[in-house]
Amino acid sequence: MKREHGVNTVETGPLIGHGQTYGTITDKITSDVLERKTPRGMLFGLAIAFILTMVLFISIGWLMIKGVGIWGINIPVAWGFAIINLVWWIGIGHAGTLISAILLLLNQHWRNSINRFAEAMTLFAVGCAALFPLLHLGRPWVFYWIIPLPDTMALWPQFRSPLTWDVFAITTYFTVSFMFWFVGLVPDLATMRDTAKKKWMKIVYGVLAMGWRGSARHWHRYEMAYLLLAGLATPLVISVHSVISFDFSVSVLPGWHATIFPPYFVAGAIYSGFAMVLCLVIPVRKAYGLQDFVTDRHMDYMAKVMLATGLIVAYGYAMEAFFAWYSGNEFEKYMMFNRTQGPYGFIYWGLLLTNIAIPQLLWIGRIRKNMVWLFLISITINIGMWLERFVIVVTSLHRDFLPSSWDMYYPTIWDWATYIGTIGLFLCLMFLFIRLMPMISIFELRQLLPWKSR
Amino acid sequence: MHEPRVYGLMAEFSGPEQVLEAARQAYAKGYRQMDAYSPFPVEGLAEAIGFHHTRLPLFVLVGGIVGALSGFFLQYYAAVISYPLNVGGRPFNSWPSFIPITFETTVLLAALCAVVGMLMRNGLPRPYHPVFNVQRFERVTRDKFFLCIEATDPLFDEKKTLKFLESLNPTHVTTVDP
């Protein structure tokens with residue numbers, strides 16, 4: 001194909017590899033679960049992830065025994081890694097819902113090969129996130145007091161607090177994401193049931209598939225339900241990260257009390273989410289030979305979404321800085337001064353480098369097509385988004401209104417161990433998912449093959 | 001009443017265009033008790049066999065409304081009736097601060113209704129169905145399409161319906177045991 005000057009030929013490329021049929025699509029994806037021997041690299045990766053998960057369990061155990069004093073939190077920085085990691089993980093989860101729900105509503109068919117993988121990522125990310133609000137309680141064993149159940153103490157949670165809003169938002173988000181993912185799986189579980197050779201596998205997949213037989217009437221209701229779920233999940237995902245941002249913005253702390261937070265957080269969530277999807281998809285695609293389904297065009301689109309949301313995040317940073325100065329408020333002005341030139345200043349500059357400067361490379365088409373570069377930039381963005389949450393939480397807390405309250409925050413080994421441990425748990429769950437479930441939506445890929453409807 | 005000795009007759013097709021055309025012809029011929037099966041949703045197929053309207057969106061709407069009222073009432077009850085707290089004379093029914101939770105419960109119940117409603121209306125989980133008796137039906141989740149005319153249809157006649165189905169050029173026609 002002759003490359004025309006200025007025309008990006010990747011954009012006009014196919015969404016699915018040439019020569020694929022309903023049968024070959026089915027065979028490739030089911031055989032990755034049913035027949036293919038697990039590649040040695042994946043087993044090695046799973047072993048590392050499992051060790052890190054054990055580190056997590058040790059950290060949680062020690063936390064239960066000794067209490068939150070093992071972390072580096074103090075007064076004034078009473079919220080440290082727990083909230084940073086909560087926001088980081090929930091943010092990562094948002095890309096899955098965007099790919100599944102929002103791209104469905106926008107009729108973007110390129111979502112078909114990545115949505116199941118991204119949704120699984122969302123479920124596991126939200127699961128990891130949900131650990132932190134539970135763990136960071138002084139008495140995690142009475143966490144259920146925050147659920148509005150009838151009780152003998154006549155206790156109610158504080159419904160006016162964003163922390164309670166979080167409980168409802170995260171629970172709803174996890175439940176809806178799980179249902180969306182599972183409903184999407186049912187027809188493919190039927191495919192697994194019919195393709196599996198061993199009796200016990202047929203039974204397990206069969207039970208999960210609930211007797212799906214591909215009836216046109218069922219498909220009609222199914223599509224309707226799926227569309228409705230997408231329509232519900234879209235405002236949900238926006239509301240969830242807005243509610244998370246309310247954890248900060250409904251307070252009065254300089255650097256937190258900003259109306260830009262909800263849209264800025266949501267854009268940041270999509271940014272980090274797509275970065276994590278790319279981090280995962282690039283190696284898996286290579287290891288499993290999925291280039292016919294997750295094509296270069298998909299990678300290009302995802303990189304562009306990342307770039308766009310990165311620019312929104314950059315706008316958020318610019319507005320924070322601008323309004324800190326424009327407000328004339330001495331506390332706001334000092335907050336911005338402290339961020340850039342205070343003791344944590346190096347983190348802020350690192351943030352600008354990793355979140356704004358380096359991702360601008362994505363403007364270049366050749367970088368977007370190069371999987372190594374794309375992977376490295378995605379990792380950089382993930383790190384950058386973590387640094388962003390660190391800057392927001394720690395720099396605003398450690399120096400607020402009264403100088404006599406100022407202090408420094410130093411994370412401890414247990415802060416790091418818990419965080420790295422959740423990364424291990426996440427990877428473990430992703431490996432299990434890839435091993436046991438069809439990681440690409442088979443029936444949605446079949447829909448990409450052209451046929452004449454009249 | 002005469003007990004049907006078969007569940008129906010099933011014709012197999014190799015592509016969505018064929019099964020769509022077959023369904024249209026069957027409907028035009030007057031058959032109503034039938035179903036089409038495909039490995040992915042084929043646009044127009046449900047309409048071709050006469051299935052038009054699903055009440056699922058209404059069910060979801062009602063679920064959403066109930067969710068909204070429940071969420072709001074929960075907070076209202078706690079803040080106004082059960083345990084009102086006088087915090088600087090602020091109103092007990094501080095409804096703006098009740099909105100985030102109300103929104104979440106709306107979405108939660110609506111989504112639950114969508115999923116449960118879809119499964120219930122589809123009659124799932126249903127591990128046994130006569131169509132699974134056809135050996136070749138296994139291919140429905142891979143790459144084959146089927147049209148099954150059921151014996152309960154008033155126009156069903158084993159010989160006449162068989163001839164009709166064969167006229168649609170399927171790859172196979174099978175009798176489905178009940």
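Into which domains is chain B divided? Chain B has a domain 1, made of 8–53 + 128–176, and a domain 2, made of 56–122. The centres of domain 1 and domain 2 of chain B, taken over C-alpha atoms, are separated by 44 Å. The model is predicted. The points below cover the contact between the chains, the packing of helices, and some backbone details.

**Contact between chain A and chain B**

- Chain B gives 55 residues to the contact, and chain A gives 49 residues.
- On the side of chain B that touches chain A, the elements that give two or more residues are helix 1 (16–29), strand 2 (34–37), helix 2 (45–48), helix 3 (56–82) and helix 4 (95–122) of chain B.
- Helix 4 of chain B supplies the largest share of that side, with 16 residues.
- By residue type, the side of chain B that touches chain A has 34 nonpolar, 12 polar and 9 charged residues.

**Helix 5 of chain A with helix 4 of chain B**

- Two packed helices are described by the angle between their axes and the distance between the axes.
- Helix 5 (residues 162–195) of chain A packs with helix 4 of chain B at an angle of about 20°, and their axes are 9 Å apart.
- Angles under 35 degrees count as roughly parallel, so helix 5 of chain A and helix 4 of chain B are roughly parallel to each other.
- Their crossing is left-handed.
- Residues of helix 5 of chain A in this contact include Trp165(A), Phe168(A) and Met179(A), while those of helix 4 of chain B include Pro100(B), Ile101(B) and Glu104(B).
- The contact of helix 5 of chain A with helix 4 of chain B holds 12 nonpolar, 3 polar and 1 charged residues.

**Helix packing within chain A**

- Helix 3 (residues 81–105) and helix 14 (residues 413–436) of chain A have axes 10 Å apart and pack at an angle of about 15°.
- Helix 3 and helix 14 of chain A are therefore roughly parallel to each other, and their crossing is right-handed.
- Phe81(A), Asn85(A) and Trp89(A) of helix 3 meet Asp415(A), Thr418(A), Tyr419(A) and Thr422(A) of helix 14.
- This contact of helix 3 with helix 14 of chain A divides into 3 nonpolar, 3 polar and 1 charged.
- Helix 1 and helix 5 of chain A pack at an angle of about 75°, with axes 11 Å apart, and are therefore roughly perpendicular to each other.
- In helix 1 of chain A, Thr26(A), Thr30(A), Val33(A) and Leu34(A) meet Thr191(A), Met192(A) and Thr195(A) in helix 5 of chain A.
- The contact of helix 1 with helix 5 of chain A has 3 nonpolar, 4 polar and no charged residues.

**Thr24(A)**

- Thr24(A) lies in helix 1 (residues 22–34) of chain A.
- Thr24(A) counts as partly exposed because it has 13 C-beta neighbours inside 10 Å.
- Thr24(A) and Arg446(A) are 422 residues apart in sequence, but 9.8 Å apart in space, C-alpha to C-alpha.

**Backbone details**

- Most residues other than glycine have a negative phi, and most peptide bonds are trans.
- The peptide bond from Ile75(A) to Pro76(A) is cis, with omega near 15°; Pro76(A) is in the loop between helix 2 (40–66) and helix 3 of chain A.
- The peptide bond from Leu124(B) to Pro125(B) is also cis, with omega near -5°, and Pro125(B) is in the loop between helix 4 and strand 3 (145–150) of chain B.
- Asn107(A) has a positive phi, near 60°, and is in the loop between helix 3 and helix 4 (115–135) of chain A.
- Asn107(A) is exposed, because 7 other C-beta atoms are within 10 Å.

Key: Residues numbered from 1 in each chain as written. Chains lettered and ligands numbered in written order. Predicted model: local features only at pLDDT ≥ 70, side-chain atom pairs only at ≥ 80, totals over all residues. Contact = placed C-beta atoms within 7 Å. Helix = DSSP H or I, 4+ residues; strand = E, 2+ residues; numbered from the N terminus. Nonpolar A, V, L, I, M, F, W, Y, C, P; charged D, E, K, R; others polar. Domains from an automatic or database assignment. Axes fitted to C-alpha atoms, helices over the stretch in contact; angles between N-to-C directions. Parallel < 35°, antiparallel > 145°, perpendicular 65-115°, else oblique. Left-handed = near helix turned anticlockwise from the far one by under 90°. Buried ≥ 20, exposed ≤ 12 C-beta atoms within 10 Å, placed from the backbone.
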